[in-house]
Amino acid sequence: MKSPETLMLLHQDDTLSLHLGDVLETLASLPQESVDLIFADPPYNLSNDGFTCHAGKRVSVNKGVWDKSNGVQADFDFHRAWISACYRVLKPNGSLWISGTYHSIYACGFALQLDGWHVINDVAWFKPNAAPNLSCRMFTASHETLIWARKSKTAKHTFNYDLMKNGMWHEDDFIKKPEKQMRSVWASGTPKPHEKAFGKHPTQKPELLLRRIVIASSLQGDVVLDPFCGSGTTGVVALQHGRNFIGIDQNREYLEGIAIRRLKHIQEQVQACIIKEQLESLYALDAYIDESSIQLSLCGIL
Ligand SMILES: C[S@@+](CC[C@H](N)C(=O)[O-])C[C@H]1O[C@@H](n2cnc3c(N)ncnc32)[C@H](O)[C@@H]1O
């Protein structure tokens, strides 16, 4: 029997739903084939009481109880179960991204293969500012892998090729060359300080990485789902780019303490930009600048 604490809709409006609860139970409550894009950043199962280096100090690698391994078979069973649950809610032409390191990504890839998904790409996310290796007995881990998959080989997934090729991605990524095809190695640092303004999540993804994923593989008005949404990074980018967002996480502190506040702030910014556009179309910008200065500053124009 589920207690209210294990399955709860914490917030819902026209563009945003946030569910507090276990990923499997919550995915089972969503309608079949209702989602266009899924980005999943599941536990990497790397919290093994080891140590790493952060800001020049020796710190524990542990992220939380949720990130502990339960053994190879149990970890694989979990990954297979949530990936199957994603298959049910994803539309036939939708696509799924999964992030991971060697601790988890092979299990996720094998689950995808067993369940008949078709892998479109695997992307190496290179982290130029990765922490140094303390043991000096191996290479310094400085990348994560992103698998991008669709439900079948014949599915017509969204890929915004021109936006990837000709967008200004090279301004933040020294690997991407202007007006050249985007390749499958991306360089992006860890989240910027302003991305942590509403609180810190131990494994927060950079907005830059999610921006590329959301813009590459979804359209305006699409529904984007993140089944392990943590601090809401996927939602931030989805809302900024005119997509709708559904987030799931079992941790109340992450959802209430960070994600909701962060996402409501983005909704206010987006709303202000819509008002600005409406004002601009009605009046010359100069004539309206005083009255709309708050909205314009929120949009980053002033
Ligand atoms: C790697 S973090 C995701 C971080 C997120 N991408 C961000 O940018 O903040 C994984 C998240 O999955 C959540 N989680 C772990 N196991 C879960 C489960 N069984 N059901 C729901 N959420 C779970 C954790 O609370 C954690 O916030």
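Which residues of H6 are buried? They are Thr233, Thr234, Gly235, Val236, Val237, Ala238 and Leu239, where a residue is called buried if 20 or more other C-beta atoms lie within 10 Å of its own, exposed if 12 or fewer, and partly exposed in between, with C-beta atoms placed from the backbone. The structure is a predicted model, in which local features need pLDDT of at least 70 and side-chain atom pairs count only at pLDDT 80 or more, whereas totals for chains, interfaces and linings use all residues. Residues are numbered from 1 along each chain as its sequence is written.

The protein chain contains nine helices and eleven strands, these being DSSP runs numbered from the N terminus, with helices (H or I) of at least four residues and strands (E) of at least two. Its radius of gyration is 20 Å, which agrees with the value near 19 Å that a compact globule of 302 residues would have; the radius is taken over C-alpha atoms, and the globule rule is 2.2 Å times the number of residues to the power 0.38. Along the principal axes, the C-alpha atoms of the protein chain fill a box of roughly 65 × 50 × 40 Å. Of the 302 residues, 34% are buried. Among contacts with a separation of 6 or more, 65% are between residues 24 or more positions apart, a contact being two residues whose C-beta atoms, placed from the backbone, lie within 7 Å.

Nine strands form an open sheet with mixed pairing, in the order E1-E2-E11-E10-E3-E6-E8-E7-E9, where two strands pair if DSSP finds at least two bridges between them. Strand E1 (7-12) and strand E9 (185-187) stand at the edges and have a single partner strand each, so one side of each is left without a neighbour in the sheet. From one strand to the next the twist averages 20 degrees, with axes fitted as lines to C-alpha atoms, for helices over the stretch in contact, and angles running from 0 to 180 degrees between N-to-C directions.

Within this sheet, all six residues of strand E3 (residues 35-40) are buried, so E3 is largely enclosed by the rest of the structure. E3 runs parallel to strand E6 (residues 90-100), to which five bridges join it, and also parallel to strand E10 (residues 223-226), through two bridges. Ile38 has Leu96 as its bridge partner in E6 and Leu225 as its bridge partner in E10. Elsewhere in the sheet, strand E2 (residues 16-21) and strand E11 (residues 244-249) run parallel and are joined by five bridges, with His19 paired to Ile248 of E11.

Helix H3 (residues 105-114) packs on the sheet, where it touches E6, strand E7 (118-126) and strand E8 (143-150), and its direction makes about 10 degrees with that of E8. Helix H5 (residues 207-217) is mostly covered, with eight of its eleven residues buried, including Arg211 and Arg212. H5 lies across E3, E6, E7, E9 and E10, running at about 155 degrees to E3.

H6 is followed by Gly242, whose phi is positive, near 75 degrees. Thr233 is also among the closest of the 18 residues that surround the ligand, together with Val23, Phe228, Gly230 and Ser231; a residue is near a molecule or strand if its C-beta atom, placed from the backbone, lies within 6 Å of it. This shell comprises six nonpolar, eight polar and four charged residues, with Ala, Val, Leu, Ile, Met, Phe, Trp, Tyr, Cys and Pro counted as nonpolar, Asp, Glu, Lys and Arg as charged, and the others, Gly among them, as polar.
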